[in-house]
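The following paragraphs describe the pockets of the structure shown here. Please keep the sequence and the 3D view at hand while reading.

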Amino acid sequence: MSVSSQISDASWQQMAMFLRDIAQSNGARLSDWVVQVADLLSADAVAIVLNEPKRKRLRCVASTVPLKPTVESGQAIVPSVRSLAATVIAAGQPHRNTGRDRSLFEYLSSMEVESAFAVPLLCGDERIGVLEVVRRRDGVNRLPIAQMIASAFALAIVRDRDQAALRQAKAEIASFDQLKADFVGVASHELMSPLAVIVGHVSMVREDVTGEMAQQLDSALKAAARMRELVDDMINLRYIDAGQTQLDLSRFDLAEFIKIEAEERQKLFEERGQHLRLRITKRPLPVAGDQRMFTVVLDILLKNAAKFTEEGGTIGVVAEERDGKAWFAVADTGIGIPADELEKIFGRFYQVEHHLRRKYDGMGLGLAIAKDLVELHEGRIWADSEVGQGSQFNVMLPLVRDLAF
Ligand code: ADP
């Protein structure tokens with residue numbers, strides 16, 4: 001018998017609307033749906049049983065007749081042997097039962113079942129559950145229509161399940177982020193005070209000693225300064241996250257600012273036998289921004305350039321107008337960055353080198369901070385690089401005439 005001869009035109013319309021309703025719904029309204037299925041198929045009872053393989057159980061989630069909760073869980077758990085649902089899940093095929101076997105429907109509290117069939121809810125290979133249709137009087141074969149409905153149910157249930165899983169994953173990520181932010185916040189503040197005490201005392205003693213002792217104290221001070229930088233990174237990050245980075249906006253010439261900031265760090269490069277080359281436009285590059293933040297960004301880029309470039313290498317700093325924007329770049333002749341890492345390095349705690357094999361110090365926070373700060377100024381930062389040849393970090397910012405200021 002063809003599917004179309006099984007129900008009237010009016011029912012077809014009802015069926016079409018029902019299928020559309022299932023496809024469009026947000027959040028499966030399973031208990032409404034079983035009622036509609038019962039109506040469409042002239043059934044005495046309809047139930048949806050979901051397969052929960054992780055918990056090794058079958059659970060009835062919607063039924064048109066009252067369910068009999070199992071004692072332990074208060075939920076309608078369907079026996080996973082000798083029940084209609086279990087048979088259908090095991091076979092992955094529809095099953096018809098005409099006997100009077102109560103145990104097949106144990107979760108239905110009041111029904112005297114004479115005839116029933118069930119179709120699996122399939123999504124690909126996954127047997128997600130069963131649609132059970134109970135009829136006291138046997139009659140027209142409703143199985144093909146039930147299968148059609150079951151397909152729509154399966155898709156809707158899987159979609160809702162996936163959306164719920166996505167929501168949960170997002171919530172977990174948000175709570176991990178919060179945990180990390182809290183940890184970074186507490187750790188940075190807790191480290192700051194003892195560090196200040198160490199630096200204070202070591203500096204005092206350093207003034208009174210010479211020779212080998214002085215050298216040792218200098219290295220201790222250098223290590224403390226490095227630690228201070230890491231703590232500063234953590235604090236910067238925390239402020240950015242908390243939206244507490246209040247921009248102290250002023251209008252200034254980025255070209256001159258970069259020249260001064262780069263020259264002030266000349267010593268950093270000299271210590272490493274590196275050459276600093278500047279190519280800064282003579283024309284002003286008016287930008288609006290917080291100069292303290294730009295100092296942080298430049299500091300991160302210049303220190304990275306020095307760190308990842310061998311002795312005798314060259315660091316170039318360029319600033320000019322490009323495509324109607326202010327552009328500056330810090331280039332080096334260092335180790336370079338693989339193409340597939342060029343975006344990832346702006347992520348928090350990301351470092352190209354594996355942390356167990358690291359030659360270079362750092363926490364993988366600098367570029368993430370630089371990116372946040374540049375973006376706070378409506379700018380863009382990106383890296384170009386070739387492994388073994390060097391890297392170039394570019395920053396593009398709106399010129400002040402583009403800004404309502
Ligand atoms: P870190 O404190 O580890 O330097 P950053 O966020 O500043 O953290 O940089 C992330 C990673 O990007 C670095 O660990 C390094 O692998 C890579 N990187 C950054 N700048 C350069 C550069 N100039 N040359 C080569 N690699 C770089």
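On a 1 Å grid over the protein atoms alone, a pocket is an open set of points where a 1.4 Å probe fits, with protein on both sides within 12 Å along at least five of seven lines, and lining residues have an atom within 4 Å of a point. Points are joined across faces, edges and corners, and the volume is the space filled by probe spheres set on them. The model is predicted: local features need pLDDT of at least 70 and side-chain atom pairs pLDDT 80 or more, while totals for chains, interfaces and linings use all residues. Numbering starts from 1 along each chain as its sequence is written, and side-chain values use heavy atoms, without hydrogens and water.

Lining the largest pocket are 43 residues, with Arg226, Lys303, Asn304, Lys307 and Asp361 nearest its centre. Two or more lining residues come from each of helices H5 (211-241), H7 (266-271), H8 (291-307) and H9 (366-376) and strand S13 (390-398). H8 gives the largest share, nine residues. Helices (H or I, at least four residues) and strands (E, at least two) are DSSP runs numbered from the N terminus. By class, this lining has 18 nonpolar, nine polar and 16 charged residues.

The second largest pocket holds about 490 Å³ of space. Of its 15 lining residues, Leu50, Asn51, Glu52, Pro53 and Arg161 are closest to the centre. Strand S1 (45-52), strand S6 (126-135) and helix H4 (143-207) each supply at least two lining residues.

Technical notes: Ala, Val, Leu, Ile, Met, Phe, Trp, Tyr, Cys and Pro count as nonpolar, Asp, Glu, Lys and Arg as charged, and the others, Gly among them, as polar.
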